[in-house]
Every structure is written in structure tokens, then in C-alpha cells.
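Visitor: I would like to go through some of the labels used for this model. Please set each one against its definition.

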Amino acid sequence: MTDEKFMQRALDLARKGYGTASPNPMVGAVVVKNGKIVGEGFHEKPGSPHAEVFALNEAGKKARGATLFVTLEPCNHQGRTPPCTQKVLASGVAEVVCAMKDPNPLVAGGGLEMLAEQGVKTRCGVLEQEARRLNEAFITWICTGRPFVTAKCAATLDGRIATRTGDSKWISNEKSRAFAHWLRFGADAILVGAGTMRADNPRLTVRLEGDAKKNPHKVVIDPNLTTPPDARVLHGDDDSATYLFCGPHAPQGRRAALAGEGAQIICVPEKDGRLALGSVLDELGRRRIASILLEGGAQVLGAAFREGLVDKVFFFFAPKILGGDDGTPITSGAGAGLIADCTQLFDISVHRFDDDVCIEGYIKKEW
């Protein structure tokens, strides 16, 4: 097997941490001796051993003189777990090959430098782009302090997410909705606007078959705190938090009532008559929320695109045509005046879920 194939195995292992590792990165590791894998592991959740520890423990004495392939540079600092560099040195590994350096500007390069100083051969950059894409949320959060924002919607072919009566169940089919719940499982939080909360009273939970039980935090943009105290987001049976973001003029009585139901009330400044979404992201980032699935509605989606806060999109289109201009559009508010000023997507992927079509794409940004 080549370096790329061993690293690909490490990346496949890392993906097992999807939905559970955050806000830590997803990391996989394999130990290779005489061309064969003798140990492997991945990082499951914060506080659990890192991928290198699992892989080296499985390899045991076979690790001496072997090569360790890991998707992210081994850490060289004390956190909730000991530095992985010490484990690597104690194992007798002769070489460490990593896909990418730690993006944290405070520690980048420290692990590889320390290992090299102790006589361990090091290389970096094998399948780097794949590794960066895998941890796009962690990289964004650790470098900017803000969560990675994925905008998701389900729309008719003529671009409506609800009829004039507010009906939206169901635009997309069952397979599309199952994939949308997989996106929810991978996110740290789901964000919606107060209009969606009032119209749909959603639970904002994950409903998947199998062992995927984790629910993301719930975030509602609610300037005047119109969310009712009996809203379902406030009365779930899981341990996720519900954050209600309000403006400076939200009534004190409503703040107290909703806080009494378990909501965390966070006041942020206004911008152009609306809550400043950038400030919302700053507050969530400080709470170690590294990724957000933005589910709408139209006003929140429009504002997020206008303010340049969206990193990625999943737009599901069903083979349905509303046939009028009185339904709810995907986004609302003032759009671009020129086509040249529209938000441009890059790295496009197209997925089929039976008759539904999903467009996945990135908005070009510099980290």
C-alpha cells in the first residue's frame, strides 16, 4: 500500500467521529509495520483518548520502528488528555506521517517539531486537502472564533419553501429528509428564526435509525422573544441547550418567563434594524459551538447570505412547482442589484435522493 492508501484508511477512521468529536477535530490514525497495518484508532469525543493513543495501544510492541499515519499533527500540549507526542516517543515509532498541521495558530507545528528534535522522522501533507475538508468546521472555528455555517433548505423547483398558507410538509421526500437529519447529527447547533418557530413549532432534534442519538443545540433568532413558553424546543428530553437571541428592547417579562423554562437568553446588538448575526456567531463560538446548520426561515437565510456568514449550502429541490409568486421564497429581503454581485458557489456536488436533487457547494472564503 502507498502512503495515500494508508492515510485514506486514517481518514476513513476519522469519519467515525462525525457528530461526536466536536468541538475537537475528527482524527484517525494507523500504525504500519512492514507494509501492514498493526494498529488503528480514531477520536470519538472530547475527553476520550486521541486517535494516536488507540492506534499505538493496539499495535503494542509492534509500534517500535513502525510508521504512524495520522490525519492531524500529534498534539504537544496538555489538555483534557496528555500530549500525544509523549505517547509517540514512548512507543518507539520511527516515523510520523500526517495529513495536515494543527490549524490552531497557538500550537501549529509544535508536535512535529518536537518529534523531529527527538529523532523521529516526520512528513506532512499527504492527502492534506481531504483532511482539511473533513475538519472544515473545526478549522473555521479555531481560526476565526466563529462556527462554520451550513445553510440548508428544501424548495420547489420555482424556489419556494412554503405555500401562501405556510404549508411546507413535505416538500422534499423521505430520503432527502433522512439525509437532512444526518446533517443535523453532524452539527453542533441548528439555527432558525422566530417566524419558523411560531409557524412550525419544531423540535429541532435528530431522528435517525440506529445509534445516532445525539441532538444538537437549538438556536432561535428572536428579537422580541415571541417564542412561546410551551415551545417544543424548550421541553425536549435531551441535554442539549436552547439559546434564544434577542435584541436590547426585548421585554424583561418575556426574558424571565423563557429563562424559567430553561432557555438561555442572550442579548446582542442590532444592525440595520435586525439582530447582528455576526454577533450571534461570536457568542456561539465562545460557547464552543464549532458548526451550525442554518435551516431558515427566509429572512434569516437572506440576512446570513447578505452578511457573508454562510460557508456551505445544501439546497434540496423537489420536482414540484408552486406555480405562483405568493409562497415563501428561500431568502427574503434586499438581494443583489447585479448578477455579478450574487453569492457564488464553488466545488459543486449534485446528489440525487430518488426524484429530489440536492445542490451542495461552498462559498469561497479565506480562513
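Guide: Start with Asp 356, which lies in strand β18 (residues 356-363). Strands here are DSSP runs of E, at least two residues, numbered from the N terminus. The model is predicted: local features need pLDDT of at least 70, side-chain atom pairs 80 or more, while totals for chains, interfaces and linings use all residues. Residues are numbered from 1 along each chain as its sequence is written, and side-chain values use heavy atoms, without hydrogens and water.

Visitor: How do you know that Asp 356 has no salt bridge?

Guide: A salt bridge needs a side-chain nitrogen of Lys or Arg within 4 Å of a carboxyl oxygen of Asp or Glu. The nearest side chain of opposite charge, Lys 320, is 5.5 Å away, so Asp 356 has none. Yet Asp 356 is buried, meaning under 20% relative accessible area (1.4 Å probe, protein chains only).

Visitor: What does the side chain of Asp 356 reach?

Guide: The backbone nitrogen of Asn 173, at 2.7 Å.

Visitor: Why is strand β10 called largely enclosed?

Guide: Five of the five residues of β10 (residues 242-246) are buried, so the rest of the structure largely encloses it. Thr 242, Leu 244 and Cys 246 point one way, Tyr 243 and Phe 245 the other.

Note on methods:
Buried < 20%, exposed > 50% of the residue type's maximum accessible area, 1.4 Å probe, protein only. Helix = DSSP H or I, 4+ residues; strand = E, 2+ residues; numbered from the N terminus. Lys, Arg positive; Asp, Glu negative; His and termini not counted. Polar contact = N/O pair within 3.5 Å; in protein donor to acceptor, adjacent residues only side chain to side chain.
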